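User: I'm new to this one and would like to talk through what sits inside. Can we look at it together?
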Amino acid sequence: MMHRSIAAAAAVFALTAALAGCGGSDADNGKATATKSAGSSDATPSGGQRTPDATPGSTTPSDAKVGDTLSLEGAPGLGAAGHVQADVTLTKYEDDAKPSLDIFAAPDGQRLVAAEFTILSTGDTTYNDPGNLGAKVIDSTGKVYAGKPGDPTAGESLALTLNLQPGAKATGWVIFNVPQDAKITAVTYQMDSLLQPNGEHTGRWTLHT
């Protein structure tokens with residue numbers, strides 16, 4: 001695990017730069033289908049800005065909770081064909097996570113939270129995605145915080161690059177920096193967030209803390 005932690009640390013800077021190049025924001029508008037109803041919220045940069053007021057149809061209430069599975073759709077890559085789909089489960093959530101290495105720690109005035117996902121590819125083509133880019137947490141004021149690379153002591157992180165053939169499965173953690181006093185009320189995951197800029201097919205799990 002130490003080897004993987006060190007590798008993840010080396011990837012922090014490259015992936016952070018990639019996020020900055022994308023403007024640091026996504027949209028979480030959209031929907032998930034199948035096993036549980038899922039919701040969405042307009043995205044904000046990873047600094048945790050307030051989400052815009054909901055408009056009709058922009059938010060779908062969700063009763064999904066930790067342990068529930070949502071069926072989400074992705075987007076084929078350029079020139080690719082087929083149906084990208086996966087069953088995504090929020091298996092665990094840590095509201096006060098501990099970093100496996102100091103480099104993964106939250107800055108002063110913030111704390112680390114972590115969400116563990118299990119992703120089963122159910123489509124007829126490969127699901128390729130940076131695993132932590134589509135993950136976010138939302139606090140009680142509606143502010144949204146994006147995931148970052150790194151391992152918590154609770155376990156290994158979700159692979160920085162997912163490459164799931166149909167039937168393949170991956171499990172791992174995504175960590176987030178949030179304000180020390182923030183009350184996190186929901187976790188969201190969007191497949192292929194870079195290819196679905198309007199936040200299509202975003203799964204939302206409500207936390208009962």
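User: Which residues in the largest nonpolar core touch the most other members?
Analyst: This is a predicted model. In it, the largest nonpolar core has 30 residues, and Phe117, Ile119 and Tyr189 touch the most other members.

User: Which elements give two or more residues to this core?
Analyst: Those are β1 (69-73), β2 (85-94), β3, β5 (135-139), β7 (162-164), β8 (169-179) and β9.

User: What does Ile119 touch, leaving out residues up to four places away in sequence?
Analyst: Its contacts include Val88, Tyr127, Leu158, Leu162, Leu164 and Tyr189. Asp87 and Lys169 are also among them.

User: Switching to rings. How many aromatic pairs does the structure hold?
Analyst: There are 2. Phe117 and Tyr189 make a tilted pair, 5.2 Å centre to centre with 50° between the planes. This pair links distant parts of the chain, with Phe117 in strand β3 (residues 110-121) and Tyr189 in strand β9 (residues 184-190), 72 residues apart.

User: And why is the pair of Phe117 and Trp205 edge-to-face?
Analyst: The planes of Phe117 and Trp205 are at 65°, so the pair is edge-to-face; the ring centres are 6.0 Å apart. Trp205 lies in strand β10 (residues 202-206), 88 residues from Phe117 in strand β3.

User: Are Phe117 and Tyr189 buried or exposed?
Analyst: Both Phe117 and Tyr189 are buried. Phe117 has 0% relative accessibility, and Trp205 is buried with a relative accessible area of 0%.

User: What do the ring pairs link into a cluster?
Analyst: Phe117, Tyr189 and Trp205.

Definitions and conventions: Residues are numbered from 1 along each chain as its sequence is written. This is a predicted model: local features need pLDDT of at least 70, side-chain atom pairs count only at pLDDT 80 or more; totals for chains, interfaces and linings use all residues. Side-chain values use heavy atoms; hydrogens and water are left out. Rings of Phe, Tyr and Trp (its six-membered ring) pair if their centres lie within 6.5 Å; planes under 30 degrees apart count as stacked, over 60 as edge-to-face and the rest as tilted. Helices (H or I, at least four residues) and strands (E, at least two) are DSSP runs, numbered from the N terminus. Buried means under 20% relative accessible area, exposed over 50%, partly exposed in between (1.4 Å probe, protein chains only). A nonpolar core is a set of buried Ala, Val, Leu, Ile, Met, Phe, Trp, Tyr and Cys residues joined through side-chain atoms within 4.5 Å. Contact means heavy atoms within 4.5 Å.
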